[in-house]
Structures are given as C-alpha cells and as structure tokens.
Amino acid sequence: MRCELGRCPESATHLVHIWFPDALDETWRVCRAHDRYLKVAFSRSRPRPTPSCRQCDQPLNEPVTDAQDEVSQPCPYCGSVKRHIRVRLYDFANAYEVIRRQAKQPGKGGWLRDTTSGDDYTRDLGAWGHRTVDYDHEHNQYRELIKLYDGSQLESTAMLDNHHD
Ligand SMILES: [Zn+2]
Ligand SMILES: [Zn+2]
C-alpha cells in the first residue's frame, strides 16, 4: 500500500490515528517521513499554552520557548523574568515528570522493551503534552502516543523494522 499523503511514492509503513476533542477522528497510512510530518502538523494545529508572568500574573503575548521558566525578555508590567506556563493537563497528573522504564526479559539478556513517557515540552513537536514511546523488540512493534494538553491525541504504530530515525 502506498503512503496516503500527497503523491508520495513510498510505501505506507505507519498507521497514524488522530483524535480531536472537537472534530472527527483521522486515520492515515503513511511512510516514515510522513509519520514524522503528521506528528509535527498535529502538534502545531492545536491551540498553544499561554505564558504569564510569575510575579504579577499578567498573561503575556510571547512564545513558549521551552520548559525553562526563566526568559530573557523582562515582563513589560513588572520587569520579572519568571514565567508560568498555563496549561490544562487533562488525564495526566504528573506534569514535568519523566519516567524512563526498561523491562528485561529473564534468561535471554538484552533489553527488550524501552519505554519513555512523561509530560514534556518537545522542541521538535512545538507542543506541550504527554508522550509515550514503546519499542517492543520481542514483537517487532513500535508505538508512540502523543496527548496534547487540550485533550487531542495521536497514536502512531508500525513494525519496529520500519521505524528508522
Ligand atoms: Zn509518504
Ligand atoms: Zn510581571
């Protein structure tokens, strides 16, 4: 099967499912490059969190640059460089917490599963959310789930052999 995006000649190796809180679901069968493209497009399509001044609490019209809470531009109201990032976290409570977990199959040696999950601001996706990546070497499965703070979700699955960075 061919990749469904544009006139891409690559074969579809990834199944991407996207849920929105306010629109119909989308399902795409795409190549590895367009899998990456969809993740970025998805993240950028959603509304952004708003930074506000930590000292005087004024909402500020400036981009969220990363998870750092100090910025170089002082607040125009009070001069503080401390910021809050206001986001509503839906179904994940442990913001800022990153869990890295590896499970070892007894007797065989070698790491079989490598799971990374946590709430983080990812510069490559340009979004704040919760991201779980599961590399299952035993079943040759790759699965990534991205939940954005507004409740929208993207799930990408593929055979691990087809998921090259
Ligand atoms: Zn493609
Ligand atoms: Zn201020």
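This is a short talk on how one predicted chain is put together.

Okay, some ground rules. This is a predicted model, where local features need pLDDT of at least 70 and side-chain atom pairs count only at pLDDT 80 or more, while totals for chains, interfaces and linings use all residues. Residues are numbered from 1 along each chain as its sequence is written, and chains are lettered from A and ligands numbered from 1 in the order in which they are written.

So, what are the pieces? We've got 1 helix and 9 strands. Going along the sequence, the pattern reads β-β-α-β-β-β-β-β-β-β.

How much of the chain is buried? Of its 165 residues, 22% are. Buried here is 20 or more other C-beta atoms within 10 Å of a residue's own, exposed is 12 or fewer, and partly exposed is in between, with C-beta atoms placed from the backbone.

Let's look at β1, residues 14-19. In a regular strand, side chains alternate between the two faces of the sheet.

Which strands does β1 pair with? One is β2, residues 26-30, antiparallel to β1 and joined to it by 5 bridges. Pairing, by the way, takes at least two DSSP bridges between the strands. These two make a hairpin with 6 residues between them, and His17 sits opposite Thr27. Another is β9, residues 153-159, also antiparallel, over 6 bridges. There, Ile18 stands opposite Leu154.

Ile18 and Leu154 turn up again in the largest nonpolar core, which has 11 residues, including Val16, Val30 and Phe42. A nonpolar core means buried Ala, Val, Leu, Ile, Met, Phe, Trp, Tyr and Cys residues joined through C-beta atoms within 7 Å. Both β1 and β8 (141-148) give two or more residues to this core.

Asp57 isn't a glycine, yet has a positive phi of about 70 degrees. Asp57 lies in the loop between β3 (50-53) and β4 (83-86), and is exposed, with 12 other C-beta atoms within 10 Å. Then there's Asn140, also not a glycine, with a positive phi of about 55 degrees. Its place is the loop between β7 (127-136) and β8, and Asn140 counts as partly exposed, with 13 C-beta neighbours inside 10 Å.

That's my bit, thanks!

Key: Helices (H or I, at least four residues) and strands (E, at least two) are DSSP runs, numbered from the N terminus.
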